[in-house]
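Please open the model in the viewer and keep the selection tool at hand.

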Amino acid sequence: MNERNSERFRGWEYLLFAAAAVLTLLLSVCVGSVGIPFKTTVTVIWRGIWGLEQPAGTASAILLTSRLPRVLAVMLVGASLSLCGGAMQGLLKNPLADGSTLGVSSGASLGAVIAIAFGITIPSLPFAGTMVMAMVFAFCSLLIILGLAYKLDFSLSTNTIILIGVIFSMFASSIMSIVITFSGEKLRSITFWTMGSLQGTSYRNVLVLLAALLFFGGVILLHARELNAFAVGEENARHVGVNVRRVKLTILIAVSGLIGVCVSIGGTIGFVGLVTPHMVRLLVGPNHRRLLPASLFGGGIFLMLSDLIARTLLNPKELPIGVVTSIIGAVAFVYIYGSSRKGR
Amino acid sequence: MLKVENLSVAYGDLTILNGVSFDLAPGEWLMIVGPNGAGKSTLINAITGGVPAKGSVFFEGRNARTMKAHKLARGIGVLAQNHFVGYAFSVEEVVRLGRYAYAPTIFSRHSGEEQAVRAALEQTGLYELRHQSVLTLSGGELQRTFLAQTFCQDPRLLLLDEPTNHLDLVYQKQVFELIQKWLKQEGRAVISVVHDLSLARAYGTRALLLDHGRVMADGPMEKVFSDEVLNRVYGMDVRDWMIRMLAQWKEA
């Protein structure tokens with residue numbers, strides 16, 4: 001594994017990861033409360049893409065109107081969150097950084113809940129109010145958390161960041177409880193949103209997620225070399241000529257934008273951004289030019305599998321997807337924390 | 001090539017640097033010496049803009065404060081005293097970061113990256129270790145990795161903050177000899193913070209003595225290292241101490 005000739009993610013690696021993602025996607029849409037044969041699935045999706053007439057039966061309805069948009073959304077959310085996690089872990093040189101451990105996801109949720117409770121909308125763009133509020137709150141949370149962390153401990157050590165993240169999450173959830181208490185007739189829609197998960201996502205949601213991933217994710221991917229420098233050390237990044245302030249701000253905005261969109265559509269799904277980059281790092285190494293693209297695919301696959309478990313484990317009952325990722329993530333957290341302490 | 005004017009750094013009421021000024025010409029190796037807390041490392045940081053400072057710094061006639069980060073990095077390389085790399089980057093990946101300043105956006109291309117990386121690895125004797133993870137290196141190898149990164153950056157001025165602080169004698173000698181060789185090239189200069197006065201004396205061409213953030217002496221080695229100046233700043237007979245230390249080696 002030490003012998004790595006290329007710093008970049010090579011073509012065949014893209015193909016391999018993409019193939020794995022497509023296979024997982026097909027598996028995810030086949031399996032469910034109603035099993036659909038693999039061949040039918042492929043036919044229906046193929047015909048759906050080209051707008052051809054569908055074979056008779058319920059299969060096409062289940063696949064195209066319910067399962068496919070959901071699985072696509074799950075994949076995109078997984079990819080986005082793990083890209084964000086990978087970027088934060090590099091930027092802060094901290095293997096435990098992630099939207100959920102830093103409290104950014106809670107901040108975004110608070111923003112979304114406030115938007116629903118106070119009926120903040122943007123004219124002609126329903127849902128955009130929730131999304132924009134989630135993004136703004138995600139960014140503000142990041143600023144508060146990092147500002148506090150810098151103030152208390154300039155080196156931004158793992159322990160300080162995680163502690164502040166936990167405290168901030170608790171703070172955000174208590175504010176959220178207060179808002180919910182006074183929300184009156186909006187209570188139902190808020191509860192529906194917090195339970196949210198990705199059940200019943202539409203193709204429109206998928207498009208929004210895709211656009212956010214292309215835009216914000218693109219910004220993050222373009223900063224892979226800067227993230228390498230930050231992962232070696234912020235001081236070192238400055239010494240080799242990285243515009244530390246500008247890059248940091250850009251990445252933080254991109255990360256909060258992406259997390260905000262994901263949270264506003266899928267609710268908080270913890271630990272995806274923590275676990276995936278870590279697993280991917282074991283496979284392709286810490287260089288962000290390889291780590292970030294691999295995290296994209298890895299995150300999509302990881303979340304689709306978690307979603308599959310959530311849907312099928314207690315069939316016909318469905319677990320929230322966040323429960324599955326949190327159980328896996330909590331175990332992984334302990335493991336990563338242990339090994340990161342040993343590494344010192 | 002470097003002109004520092006009236007540089008001051010303060011944290012609240014605490015003044016760390018107080019109106020430090022000096023000029024540096026190509027070919028010089030300026031040793032910044034002084035007791036603990038004199039402001040030596042802060043001076044290095046203030047020159048590169050790592051801490052907020054009053055006063056001005058001109059590099060080759062241009063204001064270093066307003067220069068773009070990557071342009072400044074092409075001229076000034078910095079070697080810090082400690083490195084804690086969090087992830088298992090390979091030696092080559094860390095060294096390669098030194099070329100960032102020459103292609104600061106993903107769209108810019110520059111030729112000669114491979115040669116520069118290879119030359120820096122060979123110069124520091126790390127070519128065989130290039131694929132090894134930096135987490136597995138010894139302190140000396142890690143310091144050489146970052147020295148290679150700085151060489152790869154191809155600056156004209158090298159700033160070193162106690163480059164051999166945690167290194168044993170073998171590595172101290174290695175690192176200082178590498179830097180001395182590097183300095184022999186045309187148009188280059190070195191500023192280093194050094195605790196060890198013997199090392200400073202052996203390699204420096206000039207010294208700047210700091211105490212409590214002020215310049216106590218600046219000039220050729222012999223002048224700054226005179227008994228009168230050193231004894232006043234360190235509050236002890238420095239020469240007598242050094243000679244007594246060395247005498248033990250003679251007897252054996």
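**The second largest cavity**

Begin by selecting Glu235(A), His239(A), Ile44(B), Asn45(B), Val78(B), Ala80(B) and Asp161(B), the residues that line the second largest cavity in this predicted model. The space held there is about 40 Å³.

Next, colour two helices: α11 (234-239) of chain A and α1 (40-47) of chain B, each of which supplies at least two residues of this lining. Within the selection, Glu235(A) and His239(A) come from chain A, while the chain B residues include Ile44(B) and Asn45(B). Colouring by residue class shows three nonpolar, two polar and two charged residues around the second largest cavity.

**The largest cavity**

Now move to the largest cavity, which holds about 60 Å³ of space. Which residues lie nearest its centre? Select Leu81(A), Asp98(A), Gly99(A), Ser100(A) and Ser105(A) to see them; they belong to a lining of 13 residues. Then display α3 (59-91), α4 (99-102) and α13 (272-284) of chain A, the elements that give two or more residues to this lining. Of these, α3(A) deserves a separate colour: the largest share of the lining, three residues, comes from α3(A).

Colour this lining by class as well. The lining of the largest cavity comprises six nonpolar, six polar and one charged residues.

**Both cavities in view**

Methods: Residues numbered from 1 in each chain as written. Chains lettered and ligands numbered in written order. Predicted model: local features only at pLDDT ≥ 70, side-chain atom pairs only at ≥ 80, totals over all residues. Heavy atoms only, no water. 1 Å grid on protein atoms, 1.4 Å probe; cavity = no way out; pocket = protein on both sides within 12 Å on 5 of 7 lines; lining within 4 Å. Points joined across faces, edges and corners; volume = space filled by probe spheres on them. Helix = DSSP H or I, 4+ residues; strand = E, 2+ residues; numbered from the N terminus. Nonpolar A, V, L, I, M, F, W, Y, C, P; charged D, E, K, R; others polar.
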